[in-house]
Amino acid sequence: MSVTNTNNLGFDFESPAYRFGALETQANNCLCVPIVYGKARAAGNKIWQSKGTNKFDALVCFAEGEISGFSDIRINEILINDNALKGCSYTAYTGNGTQTIDSRVTGSTQEAKVELVGGLKHTAYLALTIKSGTKVANNYMDVSAVLKGKSVRVYTNTTTYTTEYSNNPIWCILDFLTCDNGCGLSFDDIDIQSFIDSASYCDEKVNPVNATGTVSVTSGKATVTGSGTKFTDEVKVGDEVTVNGESKEVTAVSNNTSLTVNSNFSASASGQTMVIKDTRYTLNLILDTRKTRQDWLNEMLITCRGFLKYNGNKISVTIEKDEESVQSFTEADILADSEVFWTTPKEQRCDIFKIRYLDPDSRYSRAFAVAEADEFLNDPPIVQEIVALGITNFKQASRLSWFYLNQANTCDKFIAFMTTQKALDRTPGDIIDISSTFMGYEKKKMVVVSMNETQEGQIQLICREYNGAENATLTTNLTGDNNDLVYTSVDKTDEANDITVKYTDPYAASQSLNVSVTGNDIDVSLATDGSGAITSTASQVKTTIDANQDASDLVTVANAAGNDGSGVVTAMAKTNLSGGNTGLYADILGSVAPVFNTVDIDDVLDTPEDVQNLSAAQNLNSVILTWQPVSNSLATYEIREGTSWTESRVVAKNLTGTIYTELNIQKGTYKYWICAVNKYGNYSENAKLSTIVISDIPETNVIVNENILDDDLSSGTFVNCFATYNRVALNSTKTWTSSGTWDNTGKDYAPDGYWGSEVESTGSYTTKVYDIGSNLDSIISVNYDLSSRDDASNIVIEWKYSEDNVTWTDWQVFSQGSYKFRYYQFKITINSPNNVYTAISNFIINVDVPDRDLYFDDQVISTAADGVTVSFDPAYTTTPTVVANISDGTNGYCVVTAKSTSQATVKAYNNSGTAITAKVDIRVKGY
């Protein structure tokens, strides 16, 4: 299945459940009635409310029934049984098909009630009585609850099933395929056995990790008590925990030091390390928008890397995992010259894969599970992301992100070939193997991507590489009850594809621990005492294999539970192990912790805070606007000008800094408004205003308007920072190299998906010396954008200037204003006290030179042929504009016959064109 998600705006903005921010109860007759699978939080749709201000009743509908129940019911984010909501009550209806309309609804009969609210027999809803107070009112009421979703068919064999609640994605998919408000298929159209097999795979407990702290259990009790434990963070209902060799399923988590399991322990133990396994795949999804059935199926299938196939007139489901080939194709089956081979281009293969999901422990805020390749193919790394609405579990999201990353980078080869009707039984998703001298393949596994019938008797198969696990299949009988070992093949090659690890006389008396290698067989002779009892621990076996060069060349060994090696290895039945800690289907974490969106989840409307201290100041023919940043460092700013925020022109948007200059203004009164905007398009609640009156505009000449970061910055000086993509950023304190180790070379990168996320606390960039060409009285100003994920980050701008490039001022904090200079230089110091990514961009320098007006009144032309010459001291930088008029009443006109930066000559003429004597007024303007 493709991992490209067409809804990659984040989460569906039309969805009441998946919109960003806190959930809000709707009152909208255009919303569809949701279907709920698994557990999910929803806010519902209010369909009826009685009259009343101090006390009123309401119906809030949540889902198509029948659901399994409601829990954690809240009004305005407060639990309904909280003292703050005294007088509030509810009755829950699960949509069981026989329920009546609640008595709160007015009407003497059910028929009368139906006319107000509809039938509601199959709708899960809450009927509420609300007493108004400081926390709730009749015009503002958000009702949310955790819904335990539909009961679905769960098959034990192809003919036997029970109808029960399940969040197994396969049983939920089966229900959606067959229910009336889903696809409406008949069960006769379904290959039930494929669903049984896939559901079993989803239910498996995987990813063993050690819990924090130690635990104790008591014989005959089903309670686990902890010391220094974090049960509420690390364990959830449905997880498998193993204590003292006994594995149980968690049924309740009371607090950080107490949980309950599904059966009593047979023996007491204290000071134990508890191992946690979680269910491989679950589904928790609200289908609450008008998507196509195929889109919703894709949402469900992506939670378990599954896909549907149609074969033999039945629909089956398959989960992509290590599987055997169902058919072989050799050169005898492949039509000559029909093979075409290609690979995915490097620039289309991702380096980082992110799955976005909902975290129920953080009030269903958005979180990311991130998987990163050890070695990046691209610079900068290519990041791919999908949104998985049905995942509410970090470990599940992380395992899938790892799978898709590995799939993109290890299954990048494709082949197309023509074959005969031998392929008629195949369908997309089948695993086949190909032997071809054209490609040098010998029984190479491929997955069928698509099929085309090109002409009678010929079928084209298009296949993608199917590597399965990265590692060889290991066959071993070396394992133990309390200290299991996991063997991972070092390399999968034709010569070392099957590695056997076995015991050698484990019960012979008085043996020492010994490892020997013959071909691909690793023989382990366990140590025993004089009676033949085994004395070797898992830790000792691992150390011995690691120390044997031949054995360590074949496998690496790890203790599956991180056990300290206490207790002896016990001979068990032979077990097949496949995959390992880098395998495509290894079900391991792609990152060690979720990454959360930056958002204040207590903000009901999910609006950025109001911008403070907007200030407007005139700078010649421009207005400079400054303001304080909001706390959300990812917010941008929008500025408008007009009588109000809603009736204004947009001056600028998507601003990331805290200063903006509007150029070329005219005289008048200006009202500037500003709002912060978060990444989901929500504006701060109150626009802030600054008014300025422009009564006079001095004329200026902009001689410099330059973004210095667009230039080659190599002539400047960098200290703990670097230039990239027209910005200057602080150096990362960790760098990633092609060998996968950290040192002082390579590209700046940190593992949470941001460039240079662990950076130096301070750094600076000193520009080259700039020359404006002449020594002028000039007005200089700067604009810039600062990017950071921390509002504690800041920059300090310093500058110095000179009239002759010999004598310079000292470095001083820059303040825009009027100075006399020709040469100048800037030093930008970037500070990040919390060592997070910080960069500056769009550093624009403006240099304005005001016009200089000179007036020479009643200048006398005593010799007509010579005219009169006036001189300028100091000289202008550029040749100025000169205008002259006769001032003594003589009929005629003036001509500027010569001018330069230091003087101008004017002659007078009569209307016949003859030079005359006269008095003239001369005006000179320029800079």
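Tutor: Rings of Phe, Tyr and Trp (its six-membered ring) pair if their centres lie within 6.5 Å; planes under 30 degrees apart count as stacked, over 60 as edge-to-face and the rest as tilted. This is a predicted model, where local features need pLDDT of at least 70, side-chain atom pairs count only at pLDDT 80 or more, and totals for chains, interfaces and linings use all residues. Residues are numbered from 1 along each chain as its sequence is written, and side-chain values use heavy atoms, without hydrogens and water.

Student: How many aromatic pairs does a search of the whole structure find?

Tutor: The search covers the whole structure. One of the pairs is Y824 with F826, edge-to-face at 5.9 Å centre to centre and 80 degrees between the planes. The number of aromatic pairs found is 29.

Student: Which strands hold F826 and F843?

Tutor: F826 and F843 form an edge-to-face pair, with 5.7 Å between centres and 70 degrees between planes. The pair links distant parts of the chain, 17 residues apart. Strands are DSSP runs (E, at least two residues), numbered from the N terminus. F826 is in β56 (residues 817–831) and F843 is in β57 (residues 838–850).

Student: Are F826 and F843 buried or exposed?

Tutor: Buried means under 20% relative accessible area, exposed over 50%, and partly exposed in between (1.4 Å probe, protein chains only). By that cut-off, both F826 and F843 are buried.

Student: Which peptide bond is cis, with omega near 5 degrees?

Tutor: P874 is found in the loop between β59 (868–871) and β60 (881–886). The cis bond runs from D873 to P874.

Key. Helices (H or I, at least four residues) and strands (E, at least two) are DSSP runs, numbered from the N terminus.
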